[in-house]
Amino acid sequence: MQGRWSRLSPWLIVCNPHLLQEAFTILPWPLDNKVQLLVPEELEISAWEAYRAAASVPTVYERLSTISLPPRQEELEIMRREPWSRRTNLTGLIVRCSVLKWSPYTIPKKTSSDELEYTGMSHMLITTLQDHLHFKLVCNEPKDRQWGTLNVSSGSWSGILGELQRGESDICTAPYSFTYDRARFFEFSIPAEFSKQIILHQTPTPLSNASGYTKQFSVAGWLSIAALFVASVCILKKVSSGRLSWPDSTMENARIFCNMGYGTHEPRLLSQRLWLLGSLCTVVLLHVYYTAFLTAALSSDVRKLPVRDLNDIYAKREEYTLGLIKESALSADFELGKDPLMAKLWKDIVSKDPKNLADFDYQVSRTLNDSKHVFMSHYTYYVTSPYKSCKLTILPVSYFKRGLHFPLRRNFSATPLLNYGLQKMIEGGIRAYIWSKWIDSKQEQCTSGGSEPLGLEETHTGFFPLVGGAGMACIFLIMEKAYNRHAKKSLKNASRRSKKSWIE
């Protein structure tokens, strides 16, 4: 009879007033029953309900309402309400939980008596509910220390889910994502959290590529400056009235464009003075623009990301590698999912290198040391882990936003009460308060504490003019040496011929 009184089967039973106490004592009254007793009295009818937290404890019963004849609307409304809000005394109920470490949701710790206890975000949520409903939570780890996988041929689960399937435990305090296979065997609570998967990228430096000292102007900007320099050389040669040669005019303009001032004689002609004034003003503006851009890039916390989402990563698949946590639900989504982008990423990037499937520690280490490697992680796990670092940046697009639920064994009579309690804790902000103790305290902002020293990788383009000038100087030095040697030899031969002719 207890199975018939489940939460899916509302009952109305008319009971003789003299048999009411006997009904409360004899009938099973499971926690999730929806039975209401209607007791006829002299001028009206009273409605009662009852429940029993465990077989060993007395029945808890309550008079719901007095029903007039004919019944009033408000009296019927009371009877229509779900009974879970009224069932708050579960004293005597032992809820068996199976759990493993999954920081920050479930974290084991040893007590003074060397016993293993658990804490963590989701575990604290259930223990808070335990304090409110007065049941006793008894937790153990599964013997095989696994979360649970399905054996398709036998239909049996391993690990925590296997214990729920066999009825050895009632709930797991570490949340699971809802899947079709799991829903066939287990019940799930309302979502304890809506999770998401994020992509982690090495934080770009202010000058994160080889063009760090040249990107202040675009290619068109640099070509315009080069054209301006050539025009300035020609103008100075023209306005100097022949007093400056082409090499002298070039060197003088080089001094001006390097912001070293004007180094030759005082200009006497008005045209030369106007040219000099215009050149100096232009150079000052160019240096201000360049310096302001460079200073802003070095002092700003904003970094330009080379990729923003999975589409960008796939477009740059020849440069980038994508890492996933091995044996995770996420890796299965990529390998077996029907999303075309995920399938292409798995085929063309992830599956090509076994190292792309690794544990969380390795993925963090690899990303910190390789600016072209990114990996996907559970958001809450990352922001509460000791690996959270300002050297890693979360890309702006997240994926797989889904609920995390507590799995429960089928036909567990306390399931609707636990769900109702969780819902009220979420609505009342208790869940948010518990979450803030674990997440907000760890979400320290990555603020700039001063610019980091620049390395050769960021600054080597600044040495290109020096290297280019030194190279050209070496070439011309060799040519000059060869020319001088040839000239001396020719002069010596001419001197010998002259001397010989004079003797003759």
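1. A definition to start: two strands pair if DSSP finds at least two bridges between them, and strands themselves are DSSP runs (E, at least two residues), numbered from the N terminus. This is a predicted model, where local features need pLDDT of at least 70, side-chain atom pairs count only at pLDDT 80 or more, and totals for chains, interfaces and linings use all residues. Residues are numbered from 1 along each chain as its sequence is written, and side-chain values use heavy atoms, leaving out hydrogens and water.

2. Now the sheet. It is open, with 4 strands in the order β1-β2-β3-β4 and mixed pairing. At the edges sit β1 (10–14) and β4, each pairing on one side only. From one strand to the next, the twist averages 25°; angles run from 0 to 180 degrees between N-to-C directions, with axes fitted to C-alpha atoms, for helices over the stretch in contact.

3. Strand β2 (residues 34–40) runs antiparallel to β3, joined by 4 bridges. Proline 40 stands opposite isoleucine 45 in β3.

4. Threonine 59 deserves a click. Its place is the loop between β3 (45–51) and β4 (60–67).

5. Leaving aside neighbours within four places in sequence, threonine 59 is in contact (heavy atoms within 4.5 Å) with Phe24, Trp29, Ala50, Tyr51 and Arg52.
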